[in-house]
Amino acid sequence: MSLPLLKRATEDGVTFVLTPAAHRDPAAASQQPVPRMPMRAPGPGEQYRFHVDMGKCIGCKCCVVACNEQNGNPAAINWRRVTEIEGGWYPRAARSYLSIGCHHCLEPTCLQGCPVDAYKKDAGTGIVLHSADACIGCQYCTWNCSYGVPQYNPERGVVGKCDMCHTRLGLGQSPACVSACPAGAIQIEIINVNKWRAAAAAATPGSGLPVGDQSISSTRITPPANMAPNAKPVDLVQLKPSEPHWALVVMTVFTQLSVGAFATIFLLHASGAFTRLGATALTSLAVAALALAASTLHLGRPVYAYRALKMWRRSWLSREVLLFSGFSAVACLYAIGLWMGIAVGIGLGALTLLLGFGGVTASACIYRVPSRPAWNTPLTLLQFNLTALTLGPLFAAAVVGATGPGWLRAGISSTAGAQCVVLALRFFRMSGSDSVELQASSRLLATTLRTPFIFRGALLAVGAIAMPLYVSSPVALWLACALALAGEIVGRYLFFVSAVPKHMAAPYLGSEAA
């Protein structure tokens with residue numbers, strides 16, 4: 001095989017050539033390498049931050065590998081991720097890369113929502129640290145973070161996240177991702193917190209600062225030169241269902257059923273329509289107990305579930321646990337009083353309802369997080385409470401064996417009809433939105449999840465609207481309750497699997513539909 005270049009080099013006697021200094025680019029020769037680490041520690045009012053230069057990043061993912069090796073994570077769990085950014089128009093299309101880890105936010109939402117106080121923001125460095133020992137694996141922070149940074153490790157039963165290799169920083173060494181980057185695209189910098197807060201408040205998409213981010217990311221991103229105005233992550237929307245979280249499906253639906261049943265018992269007791277409501281109350285209490293027990297199956301470390309009460313002052317999850325615990329205790333006294341025929345005051349029943357609907361509302365507020373646009377709407381609050389007001393009366397009527405007064409039948413059908421309206425409003429809201437994530441959720445419901453979506457509406461219409469108005473036999477009431485319950489379970493399943501999370505780069509690049 002002929003090798004012309006080798007033959008020419010051999011004939012000329014030249015095997016390598018050094019470029020003369022006169023031929024070098026003077027500008028390139030004068031450039032000094034950018035330091036990857038600051039030469040001092042943060043002072044008062046300052047903190048460390050990542051700086052990512054997209055113009056230098058080549059997408060090699062050395063930072064991802066180095067992070068996993070440093071922290072002993074399996075391949076499926078990446079505390080640092082690299083996403084591809086594409087933009088432009090043919091034939092002038094361009095691709096760049098963005099490496100993202102934890103942003104060590106000024107107001108970290110993962111810390112604010114954690115029910116066990118497993119997060120803390122280091123006062124000296126500004127690094128957001130996570131304690132695996134305190135974590136119970138509730139995974140609330142994985143939803144609460146605007147960037148999806150915390151990741152759940154099912155083998156360990158806890159969440160983990162980037163801590164900027166704070167032990168290495170303490171030794172004067174750079175984080176693993178910074179050291180491993182062959183292009184020098186990741187650096188550690190020191191920022192003035194107040195100045196950065198003001199700059200972020202005035203930021204616009206594509207400026208390298210976070211926009212519309214209530215947690216206020218500290219990461220600075222340098223976009224590539226002449227980045228196209230329509231540049232978006234390649235994986236901005238992945239049309240695949242999310243995790244169903246079956247334990248939470250069971251817990252939310254059945255606690256709401258129990259609360260609604262006690263509301264019906266209270267109204268029937270106060271009106272004197274029925275006098276023997278003890279069996280119904282005890283059955284409703286048993287449903288609540290089973291539902292709360294099922295909720296612990298969602299935890300990675302259920303033996304430490306009691307810790308979830310700790311941060312009730314700031315975490316909706318802690319408030320939910322506290323309110324449902326109080327509801328269970330008071331409902332138990334109310335049910336025992338009704339069963340034993342003791343004269344139970346209206347006040348005890350009213351307190352049961354107050355705690356119960358408070359717990360339902362707290363459950364809904366857990367999901368009002370900006371990182372899940374499909375959940376972050378007042379319709380979630382309305383939907384959860386309507387589930388209680390639909391299933392509860394149906395269940396109570398089935399246990400009693402009679403539909404009761406006419407207003408009860410009309411109330412069941414009315415609340416079920418309102419639930420159908422809410423479902424339609426949610427779908428139309430998502431379909432007509434400019435948000436890519438909301439449009440993706442509507443497409444999931446219209447395509448991949450179309451069959452259960454239609455099935456859910458049909459079950460609700462038959463079991464909770466039509467049958468309560470036209471049937472009164474005990475068997476028919478149980479059938480109506482079963483159909484409505486199946487419809488709500490399917491609906492809550494769709495609630496979880498159709499929620500498309502915001503992309504980790506969205507606060508920097510935007511996520512409006514192009």
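How much space lies in the second largest pocket? About 370 Å³ lies there. The model behind these views is predicted.

**View 1. Centre of the second largest pocket.** Lining residues of the second largest pocket number 20. Nearest its centre are Met251, Ser295, Leu317, Glu320 and Val321.

**View 2. Elements around the second largest pocket.** Helices H5, H9 (246–271), H10 (278–295) and H11 (316–339) each give two or more residues to this lining. H11 provides the largest share, five residues.

**View 3. Residue classes in the second largest pocket.** Nonpolar residues account for 15 of the lining. Four lining residues are polar and one is charged.

**View 4. Centre of the largest pocket.** The largest pocket has a volume of about 1,200 Å³. Its lining consists of 33 residues. Arg81, Lys240, Ser242, Arg372 and Pro501 are the closest to the centre.

**View 5. Elements around the largest pocket.** At least two lining residues come from each of strand S2 (81–89), helix H5 (140–144) and strand S6 (151–153). S2 supplies the largest share, three residues.

**View 6. Residue classes in the largest pocket.** The lining of the largest pocket holds 16 nonpolar residues. Polar residues number 11.

Terms used
Residues are numbered from 1 along each chain as its sequence is written. This is a predicted model: local features need pLDDT of at least 70, side-chain atom pairs count only at pLDDT 80 or more; totals for chains, interfaces and linings use all residues. Side-chain values use heavy atoms; hydrogens and water are left out. On a 1 Å grid over the protein atoms alone, a cavity is a set of points where a 1.4 Å probe fits but cannot get out, and a pocket is an open set with protein on both sides within 12 Å along at least five of seven lines; lining residues have an atom within 4 Å of a point. Grid points are joined across faces, edges and corners, and a volume is the space filled by probe spheres set on the points. Helices (H or I, at least four residues) and strands (E, at least two) are DSSP runs, numbered from the N terminus. Ala, Val, Leu, Ile, Met, Phe, Trp, Tyr, Cys and Pro count as nonpolar, Asp, Glu, Lys and Arg as charged, and the others, Gly among them, as polar.
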